[in-house]
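Here are some notes to read alongside the structure, for anyone meeting it for the first time. Keep the viewer open while you go through them.

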Amino acid sequence: AIILTAAPPRIPKPLVDQLKVGGILVAPEGRTLQKLVRLTRTPRGIKREVLLGVRFVPMTGKAQAFR
């Protein structure tokens with residue numbers, strides 16, 4: 001499982017790539033209007049669910065540049 005506590009504009013691809021089948025990533029996503037998303041890797045790919053609106057601090061540094 002991966003949990004982010006700062007909001008990137010989009011979930012960085014290197015984090016999604018680390019998920020094994022059955023793995024879950026929970027993260028805030030967005031700039032001004034943010035949403036909490038849950039990504040689950042399935043045998044068929046990534047399942048994306050929007051859970052609710054949230055407000056987290058923005059992600060900064062090099063990590064936010066990956067898309």
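1. Overall make-up. Going along the sequence, the order is β-α-β-β-β.

2. What you're looking at. This is a predicted model, in which local features need pLDDT of at least 70 and side-chain atom pairs count only at pLDDT 80 or more, while totals for chains, interfaces and linings use all residues. Residues are numbered from 1 along each chain as its sequence is written, and side-chain values use heavy atoms, with hydrogens and water left out.

3. Dimensions. The C-alpha trace spans about 35 × 25 × 15 Å along its principal axes. The radius of gyration (taken over C-alpha atoms) is 11 Å, which agrees with the value near 11 Å for a compact globule of 67 residues; that globule rule is 2.2 Å times the number of residues to the power 0.38.

4. Surface. The accessible surface of the protein chain is about 4,600 Å², and 58% of that belongs to carbon and sulfur atoms; areas come from the Shrake-Rupley method with a 1.4 Å probe, and for residues only the protein chains shown count as cover. Buried residues are 36% of the 67, with buried meaning under 20% relative accessible area, exposed over 50%, and partly exposed in between (1.4 Å probe, protein chains only).

5. How the strands pair. Two strands pair if DSSP finds at least two bridges between them. Strand β1 (residues 2-3) runs parallel to β2, with two bridges, and Ile2 has Leu25 as its bridge partner in β2. β2 and β3 run antiparallel and share six bridges; here Leu25 stands opposite Leu39 in β3. These two strands make a hairpin with four residues between them, and Gly30 in the turn has a positive phi of about 125°.

6. The core. Which residues make up the largest nonpolar core? There are 12: Ile2, Leu4, Ala6, Ile11, Leu15, Val16, Leu19, Leu25, Ala27, Val37, Leu39 and Met59. Such a core is a set of buried Ala, Val, Leu, Ile, Met, Phe, Trp, Tyr and Cys residues joined through side-chain atoms within 4.5 Å. α1 (13-17), β2 (24-29) and β3 (34-42) each give it two or more residues.

7. Gln34. This residue is in strand β3 and counts as buried, because its relative accessible area is 8%. A polar atom of the Gln34 side chain lies 2.6 Å from the backbone nitrogen of Phe56. Residues touching Gln34 include Glu29, Gly53, Val54 and Arg55, not counting those up to four places away in sequence.

Technical notes: Polar contact = N/O pair within 3.5 Å; in protein donor to acceptor, adjacent residues only side chain to side chain. Contact = heavy atoms within 4.5 Å.
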